[in-house]
Amino acid sequence: MNEVIKAMRERRSIRKFKSELPPRELINEVIEAGLYAASGRGRQTSIIIAVTNKELLAKLSKINCEIGGWDEGFDPFYGAPCALIVLDEKSWPTCGYDGSLVMGNMMLAAHSLGLASCWIHRAKQEFETDEYKALLKDLGITDEYVGIGHCALGYADVPLPPAPPRKENRVFWIE
């Protein structure tokens, strides 16, 4: 079977990570895969913020937990030692679509490299707050961006779950 298709079939979202941070080289390979995602008119409007700083990860987890409405102390990043935050240029017509492709590429790349990942939502709401707009400004990001998602990244601390059966009647042919 083709290796890309095999990775697509095998990749699963992981919700329990080891605390060990993957080597920077592997994280960079995942990021590069995201940068090669298709984009509207080839404009490449998505950006990625790689976060391995434990304090910032804890802050992101806390606000994400509040936005999600979970009990205090729940970690929506499941202990991942790295989060790759994808944002998309707000004014671009394919905003959201392009960033979603970046997320998909990164999750497949992570799996192919022996890493685990999980798409964590609520980046949109986080980056609408003054605190996270200021973070973008501190990074020198001055254009208007919208949060697409966080790619929680690390080593799985659970076995890879099996794929659930595929639902029937999801393909329609017109010949």
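Predicted model: local features only at pLDDT ≥ 70, side-chain atom pairs only at ≥ 80, totals over all residues.
Residues are numbered from 1 along each chain as its sequence is written, and side-chain values use heavy atoms, leaving out hydrogens and water.

**Whole chain**

Start with the cartoon view. Look for 6 helices and 4 strands. Both are DSSP runs numbered from the N terminus: helices are H or I with at least four residues, strands are E with at least two. From the N terminus on, the order is α-α-β-α-β-α-β-α-α-β. The C-alpha trace spans about 50 × 40 × 35 Å along its principal axes.

**The largest core**

Select Ile49, Val51, Leu60, Ile85, Leu87, Phe127 and Tyr132. These have the most contacts inside the largest nonpolar core, which has 24 residues. Such a core is a set of buried Ala, Val, Leu, Ile, Met, Phe, Trp, Tyr and Cys residues joined through side-chain atoms within 4.5 Å. Buried means under 20% relative accessible area, exposed over 50%, and partly exposed in between (1.4 Å probe, protein chains only). Color helix H3 (54–68) next. H3 gives the most to this core, with 4 residues.

Now a second, separate core: its 20 residues include Ala110, Leu115, Val146 and Cys151.

Go back to Phe127. Among the residues Phe127 touches are Ile85, Leu87, Tyr132 and Gly147, not counting residues up to four places away in sequence. Contact means heavy atoms within 4.5 Å.

Select Met8 in helix H1 (residues 3–10). Met8 is partly exposed, at 48% relative accessible area.

Jump to Arg122, in the loop between strand E3 (116–120) and helix H5 (123–126). Is Arg122 buried or exposed? Arg122 counts as buried, at 19% relative accessibility. Its phi is near 80 degrees, a positive value in a residue other than glycine.

Finish at Asn169, in the segment after strand E4 (145–154). Asn169 is exposed, with a relative accessible area of 67%. Asn169 is not a glycine, but has a positive phi of about 55 degrees.
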